[in-house]
There are 2 protein chains.
Amino acid sequence: MTSLTDSTPSQIDAAVRAAAAAAEAYGTSAGAARAALLRALADALEAERAMLVPLADEETRLGPARLNGELDRTTFQLRGFADQVASGAPFAVADDPAVAGAPPAGRPHLTRVRVAVGPVAMFAASNFPFAFSVLGGDTAAALAAGCPVVVKAHPGHPKLSRAVAALASRVVQQQKLPAGVFGCVEGASVEVGVSLVRHPLIAAVAFTGSVKGGVALWKEANARARPIPFYGELGSTNPVVALPSALAANGAALATTLAGSITLGCGQFCTSPGVLIVRTGDAASDAFVQQLATALEAATPHAMLHAGIRAGFDAGAQRVQAQPGVTTLTAPAPSTDAPRARLYATDAATFIANHALQEEVFGPACLVVRVRSLDETLAVLAAVQGSLTVTLWGAEADTPDNRRLVRAAEQIAGRVLFAGVPTGVAVTAAQQHGGPWPSSTQAFTTSVGYAAIDRFLRPVALQDAPGWLVDARGVAA
Amino acid sequence: MTSLTDSTPSQIDAAVRAAAAAAEAYGTSAGAARAALLRALADALEAERAMLVPLADEETRLGPARLNGELDRTTFQLRGFADQVASGAPFAVADDPAVAGAPPAGRPHLTRVRVAVGPVAMFAASNFPFAFSVLGGDTAAALAAGCPVVVKAHPGHPKLSRAVAALASRVVQQQKLPAGVFGCVEGASVEVGVSLVRHPLIAAVAFTGSVKGGVALWKEANARARPIPFYGELGSTNPVVALPSALAANGAALATTLAGSITLGCGQFCTSPGVLIVRTGDAASDAFVQQLATALEAATPHAMLHAGIRAGFDAGAQRVQAQPGVTTLTAPAPSTDAPRARLYATDAATFIANHALQEEVFGPACLVVRVRSLDETLAVLAAVQGSLTVTLWGAEADTPDNRRLVRAAEQIAGRVLFAGVPTGVAVTAAQQHGGPWPSSTQAFTTSVGYAAIDRFLRPVALQDAPGWLVDARGVAA
């Protein structure tokens, strides 16, 4: 692996200054120009696929099938954001004509427009070297909004990051846009990220990564003389509630599906299911847990992204295993380059009382929490507090119990599934990727799907504005 | 004045627990039920006007004309929020049907709904004893969203707060809603507010007040084990850019209008104009400043809300006056019960270099900043950083200079005016009351107008949800 050289303070400053210099022209550019940029970026990624995928595989060991699929997803979302921008929908204005007379009924003419917030610092993730890295979802959303982006490359895939950054800069130039529309800095040290977040010309931050790293940078954003929005997508345990009825009907197939979701990408997905809630003393539930343990024992995940993530997984698994009241359901197996999947079990009271069990273990591990009642299920979900997803199997019927369950899931999650598994996050207008803390630092926003653009468009009300201005802002596409 | 007794920790806990107990039923109630509550609250305020307005006047000294108008505004916005809820608009869902096939194009069925966030702690403001107090805009928005509210009454008007809180509790009971839908605590000490923000069952905070108090509580919200959204509307200097053309055409009338805005409510409006940017060496601008000084000298503001605000104004005015490079344009006059309005002047370089000049002085004071060029105007606006409003007089024509000016104003403000004065904030769908820090802690949200509801509705994506659930969430009205 190539190690990163830290960008120097003057390189970081230059990248941010270039972004700030481009912000006005790009922020007021026609939607068509931004859509053309996003489409050209997608085209360039595809044109260089034969070079990029092997580079990504060399650095991440995720394999060509996954990486080709991920590149497809990346170009899909770049083009999807292009379509959004071209449609003008994200820039729709609210217009309230003047009403004559005294307030409160009388009022001036007000037009609520949306203004690009300015240069965005984007922290690339390790686990999606294309889709949440240099030209991933956050970059696409910020560029769609009209914001220049300064990417902080992830040290897990430095050569790929440099290749994609070079591609992006070339496309920006070909589109005759200011070079500062896209910039990239790199560094494995904390200082690079901190100086980027502290830079007075940065207007917002997008981050995907660990709770520890994300919280540290979120504190930096809040400690600025002028705090700025920090959109962090952090840890998530993604509970799956498997009701007896679903398991009685289809337990064996669901066990295979869930084992696949837990081990997908060696568990290095932000939506990897880390908590499984089943009913205690139910035959179908017991059989399901046994089938799941067997499937996990048989799974052979690929190696983790890098040694640091592997060490974190081993420590996290060790931590869970060491807690009182926790049993290990998977048989010990020799870990070689890749870790083996783990399944643990505990009861509701133990889970609720012990914060160490509620934290995400990033990797292929899942904790079964056995509950005796709906009330215990609700209490376990409440203890989770914040998660990207909650999955409910067997809650399709309109019953009072299911309504309570749905309500509890909605209270703690950004996405509630009634079928399938939480891994795999569709890029659509209705997607919501971000739930209450710690899964997101801004649970009212999403980092996947087209509403992600909203994070970079600040509302401004124009009062009694001249017609040319209303026209200019209202037809941004 | 009646002094407040601090609510005890157990009273605060009981109020929050009652709100949390009501959250599920109220959060999933029909829009019609919430609309009925909001309308009944408006009706009750009007029915008790003859008792409430004198009580408010006794405690705030704002006078019956202003207070009757403010009560009208309060009932107007309660009914406006009721209309919004009844229309269903704030609960509109985004629905993406399933698409067959492999990802990224293939996708499950996703429905993005909006879920009431839970109990809201609402900190009443001193300067609007009706419209931003117990049943003010924040309370109306939270109730409209489906969130129970625990109000922290402002110690500046304790008797009025108790009377309005009693009225609200009575109406909640008459509407056959759980008592916890509305609660009120009181206290002049910091501890009451802090324990409310720290309470684990509080889901979001709305605050209108000073930078100092707001920042302290914002830090508390961020220091929780699970940080929550803190919607703070803090200080703002509301720059007015008066271009020579506007002053040449209409300077005398504008001076009278601006003096009225600066002294309105004795300057105790969050949108009170505190910075005036004029061109140096321009005859119309010089005449305008002189007319403004004369009008301010002639003004006789009423007394300020309480001794603490008065002391803060005197200290702030003293601070500005004492800075090097600042001259005082208003003649000294004896302050009695009420302060006299002040007008100061400085140049662009002095303003930009001295942070003490950029801070809000809450009260009837304005600082004239004389600029030599458009570039200096833009630099002064950039130094302001964040403001609820920027007013531009004389920027109606579509010229490159005016486009730059508008862009600079949009970058730092939540509302940009092209006529009139910033005091008076219309309650409409297109309103935006909240700009970059420090004017708001969440510049992407508004605390006035119907979009204020969005602060309390968290998006949740339902994946492959059963039909009954999509129906239930999609027709919340």
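Predicted model: local features only at pLDDT ≥ 70, side-chain atom pairs only at ≥ 80, totals over all residues.
**Stop 1: chain A as a whole**

Select chain A. It has 16 helices and 15 strands. The radius of gyration of chain A is 24 Å, close to the 23 Å that the globule rule gives for 477 residues, so the chain is as compact as a globular protein of that length. Of the 477 residues, 59% count as buried. Now think about contacts in chain A between residues with a separation of 6 or more: 76% of them join residues 24 or more positions apart.

**Stop 2: where the chains touch**

Show both chains. In chain A, 59 residues are in contact with 59 residues of chain B. On the chain A side, the elements that give two or more residues include α4 (64-87), β2 (110-116) and α16 (467-474). Which element gives the largest share of this side? Select β15(A): it supplies six residues. Colour the chain A side by residue type. You will find 31 nonpolar, 13 polar and 15 charged residues.

**Stop 3: strands that pair across the chains**

Pick A:L462, and look opposite it for B:V416 in β14(B).

Next, select β14(A) and residues 457-463 of chain B, strand β15. Three bridges join these strands too, and they run parallel. Here A:V416 has B:L462 as its bridge partner.

Strands of a sheet pair through backbone hydrogen bonds, either parallel or antiparallel.

**Stop 4: a sheet with strands from both chains**

Follow the open sheet of ten strands, with mixed pairing. Its order is β1(A)-β2(A)-β15(A)-β14(B)-β13(B)-β8(B)-β9(B)-β12(B)-β11(B)-β10(B). Which strands stand at the edges? They are β1 of chain A and β10 (327-328) of chain B. Each has a single partner strand, so one side of each is left without a neighbour in the sheet.

**Stop 5: strand β6 of chain B**

Select residues 204-208 of chain B. This is strand β6, and five of its five residues are buried. Show the side chains. B:A204, B:A206 and B:T208 point one way, while B:V205 and B:F207 point the other way. In a regular strand the side chains alternate between the two faces of the sheet.

B:V120 stands opposite B:A204.

Four bridges join it to β6(B), and the two run parallel. The bridge partner of B:V205 in β7(B) is B:F230. Trace the chain from β6(B) to β7(B): it passes through helix α8 (residues 211-223), and this β-α-β crossover is right-handed.

**Stop 6: the nonpolar core**

The largest nonpolar core has 324 residues. Those with the most contacts inside it are A:V205, A:A242, B:V205 and B:A242. Centre on A:V205. Beyond its neighbours within four places in sequence, its contacts include A:A121, A:L217 and A:F230.

**Stop 7: an exposed residue**

Finish at B:A65, in helix α4 (residues 64-87) of chain B. Is B:A65 buried or exposed? B:A65 counts as exposed, because it has 10 C-beta neighbours inside 10 Å. Draw a distance from B:A65 to B:V53. They are twelve residues apart in sequence and 9.4 Å apart in space, C-alpha to C-alpha.

Technical notes:
Residues numbered from 1 in each chain as written. Chains lettered and ligands numbered in written order. Buried ≥ 20, exposed ≤ 12 C-beta atoms within 10 Å, placed from the backbone. Pairing = 2+ DSSP bridges. Right-handed = clockwise from strand over helix to strand, strands pointing away. Core = buried A, V, L, I, M, F, W, Y, C linked by C-beta atoms within 7 Å. Contact = placed C-beta atoms within 7 Å. Nonpolar A, V, L, I, M, F, W, Y, C, P; charged D, E, K, R; others polar. Rg over C-alpha atoms; globule rule 2.2 N^0.38 Å.
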